[in-house]
Amino acid sequence: GPPHPWHTMPEVWEDTLPEAYLARVDRDGIGFRDNVPEDMRETPNTGARDQLLGYYAGTLAIDDALAQLMAGLEERGLADDVLVVLSSDHGEMGGSHGRYKKFVPFEEAIRVPLVFHWPNELAAGVLDAPMTLCDLGPTLCGLADIAAWDDVDGVDVSQAILGLSAYPLDASYIQNRQGILKFDMLHD
């Protein structure tokens, strides 16, 4: 099961997470961010510790799938020549600020990994810069040395990733659809 917020609570584990992955996470060793309220940490089946147990188990499943992909590329002699990208569309609050899931513009929900692995083309390193998934398409086109589509919404940051130019963005746009509010209508 993927490490997705509604797949990581105990009431759905049996349908989404194999027991082998849950067993690999040290439940008692799970730490909390300082901003997770004490009263949310240990509530059985609904607290942050159990939610994070499921989240980390799902993350281990992704790690194993990525390891299988990389082993397959290695077996075929392609590991250094194929661009592998790992990312996520959002983070997880994990009890921070008293919240679970996503839907809020806190760092925990919006700062996600974006990893480019392409040993023959990209130098190893960390680029601490803003980027959204809207930028991923044009950036991949740039890395493949092909033109992005005409009405692309994102920005190509490939030249900066390749170390050939300054990073072109200093901010990222984030957006989330909030729930629809219902109002009672009074009629004459």
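Predicted model: local features only at pLDDT ≥ 70, side-chain atom pairs only at ≥ 80, totals over all residues.

A: The side chain of Asp64 meets that of Arg24 in a salt bridge, with 2.8 Å from N to O. This pair links distant parts of the chain, 40 residues apart, with Arg24 in the loop between helix 2 (19–23) and helix 3 (38–41) and Asp64 in helix 4 (residues 48–75). Arg24, at 46% relative accessibility, is also partly exposed.

A salt bridge also joins Arg27 and Asp50, whose closest N and O atoms are 2.9 Å apart. Here again distant parts of the chain are linked, Arg27 being in the loop between helix 2 and helix 3 and Asp50 in helix 4, 23 residues apart.

Asp128 is in the loop between strand 2 and helix 6, and Arg111 is in the loop between helix 5 (107–110) and strand 2, so that the pair, 17 residues apart, links distant parts of the chain. Asp128 and Arg111 are both exposed. In total, the structure holds eight salt bridges, among them the ones described here.

The loop that carries Asp128 also holds Thr132, placed between strand 2 and helix 6. Leaving aside residues up to four places away in sequence, Thr132 touches Ser172 and Tyr173, and its C-alpha atom is 7.9 Å from that of Gly154, which is 22 residues apart from Thr132 along the chain.

Helix 6 itself spans residues 133–143, and its buried residues are Asp135, Leu136, Pro138, Thr139, Cys141, Gly142 and Leu143. The cover over these residues includes strand 1, strand 2 (114–117) and helix 7 (158–161). After helix 6 comes Asp145, whose phi is positive, near 60 degrees.

Strand 1 (residues 84–87) contains Leu86, which is partly exposed at a relative accessible area of 31%. With Ile62 and Val115, Leu86 forms a nonpolar patch on the surface, and the accessible area of these residues together is about 200 Å².

Aromatic pairing comes to a count of one. The ring centres of Tyr55 and Tyr56 are 6.4 Å apart and the ring planes meet at 65 degrees, so the pair is edge-to-face. Tyr55 is buried at 16% relative accessibility, while Tyr56 is partly exposed at 36%.

As for the whole, the protein chain has seven helices and two strands, arranged along the sequence as α-α-α-α-β-α-β-α-α. Of its 188 residues, 32% are buried, and its accessible surface of about 12500 Å² belongs to carbon and sulfur atoms for 54%. Among contacts between residues at least 6 apart in sequence, 56% join residues at least 24 apart.

Note on methods. Residues numbered from 1 in each chain as written. Heavy atoms only, no water. Patch = residues over 30% accessible without salt bridge, like charges linked within 9 Å, V, L, I, M, F, W, Y side chains within 5 Å. Areas by Shrake-Rupley, 256 points an atom, 1.4 Å probe, with all protein chains shown as cover. Salt bridge = Lys/Arg side-chain N within 4 Å of Asp/Glu carboxyl O. Helix = DSSP H or I, 4+ residues; strand = E, 2+ residues; numbered from the N terminus. Buried < 20%, exposed > 50% of the residue type's maximum accessible area, 1.4 Å probe, protein only. Contact = heavy atoms within 4.5 Å. Phe/Tyr/Trp six-rings, centres within 6.5 Å; stacked < 30°, edge-to-face > 60°.
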